[in-house]
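Visitor: Could you walk me through how the pieces of this one pack together?
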Amino acid sequence: MSNITIEQMRFWSPEVRELEPYVPGEQPKIQNLLKLNTNENPYPPSPKVVEAVQKILANDADVLRLYPDPDASELKHAIAKQQNVAAENVFVGNGSDEVLAHIFKAFFIQEQPLLYPDITYSFYPVYSQFFGVKTKILPLNENFEIVVDDYKQPNGGIIITNPNAPTSIALGLSAIEEILQANPDSVVVIDEAYVDFGAESAVSLIEKYENLVVCQTTSKSRSLAGLRVGFAIAQPHLIAALEAVKNSFNSYPMDRFAIAAAVASFEDQKYFEAQNAKVIASREKLVNQLNELGFKVLPSSANFIFASLPSKDAGELAAELRECGIIVRYFNKPRINQFLRITIGTDEQNQRLVDTLKNDILA
Ligand SMILES: Cc1ncc(COP(=O)(O)O)c(C=O)c1O
């Protein structure tokens, strides 16, 4: 964008000139790179996913002539079964980023402001600007926790990431219920992108609260970031608003490969549970090793940790790790500019991180 002149920008819609887009974590092509910066899963998806995609290519490639099911109903049923809800409670989209975009459009353009914490998923301010959503940002406390009482004020909606990103800290279901009960007239969205790594899901509350939307993704715990499959779970009157937005934007967001592969993933619960257990065990091991090196690590319920090293500037540390071929995420933002967000890799990858820190950077 830097080499576009103001003169050339006269063709752009005025509001697009003002946009401050989200900046995704880098995907560099460096050899022997250890990528611990975008919270991808270090393990491949279920072998059943691979089989499902191969089956389309081997037997049914001709179906690619045809549009996919606009409702992706096979996928909705597979998600419903795994989540123990009805298919009418499920909305699917091209990654949970798209589901979240539809959520902002469907629910949050209100007179009163949307409430969310100062430290959270950095797409929320981007969508707020994009859709003209008013916002009120509420600081986390000094331990980087949500202050539940702050969410008991007039608002046009609430969105909370649980466990939070990039802090990795989980909020209990009783706190979420307290927020739901205090806000019977606004939609409360719980973004559970990382919930499978140790937090309690609010999906169990869907039947009880007509104002709750839970958003999840297959990108992290199902190793399908490359497929782009996200979903929301809510009562049918909220799902209907999301469908109305989706069908006013792109009626076929889920392609045939994505539908078939994600269905196979939801049907292979055993693989899903085993991979998540491995990531959680690796996380605990890595936290212990980093503690021994002097790091302070926030309590994580995610597939990443948020860590600081009091003796060293976090920005410098990220740069030095990069020179050693290890990329972690550094946010040069108030309150968190002395932290690194580190994705949990395999035990071998985590060991390379620890060895590099010990032998090359902190020696
Ligand atoms: C909190 C949170 N929500 C949503 C997403 C989007 O995930 P996806 O669009 O891959 O489903 C991410 C991705 O990093 C995230 O961290």
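Guide: H3 and H8 are roughly parallel to each other, a label given to angles under 35 degrees. This is a predicted model, in which local features need pLDDT of at least 70, side-chain atom pairs count only at pLDDT 80 or more, and totals for chains, interfaces and linings use all residues. Residues are numbered from 1 along each chain as its sequence is written, and side-chain values use heavy atoms, with hydrogens and water left out.

Visitor: At what angle do the axes of H3 and H8 cross?
Guide: The axes of H3 (residues 73-83) and H8 (residues 256-267) cross at roughly 15° and come within 9 Å, where axes are lines fitted to C-alpha atoms over the stretch in contact and angles run from 0 to 180 degrees between N-to-C directions. Helices are DSSP runs of H or I with at least four residues, numbered from the N terminus.

Visitor: And which residues make that contact?
Guide: From H3 they are Glu74, Leu75, Ala78, Ile79 and Gln82, and from H8 they are Ile259, Ala262, Val263 and Phe266, with contact meaning heavy atoms within 4.5 Å.

Visitor: Switching topic, how is the chain divided into domains?
Guide: Domain 1 covers 26-45 + 269-361 and domain 2 covers 47-268, with bounds that come from an automatic or database domain assignment. Their centres, taken over C-alpha atoms, are separated by 25 Å, and the contact takes 29 residues from domain 1 and 34 residues from domain 2.

Visitor: How much area is buried between them?
Guide: About 2,500 Å² is buried between domain 1 and domain 2, with carbon and sulfur atoms giving 58% of that; buried area is the accessible area (1.4 Å probe) that two parts lose on being put together, summed over both.

Note on methods
Helix = DSSP H or I, 4+ residues; strand = E, 2+ residues; numbered from the N terminus. Parallel < 35°, antiparallel > 145°, perpendicular 65-115°, else oblique.
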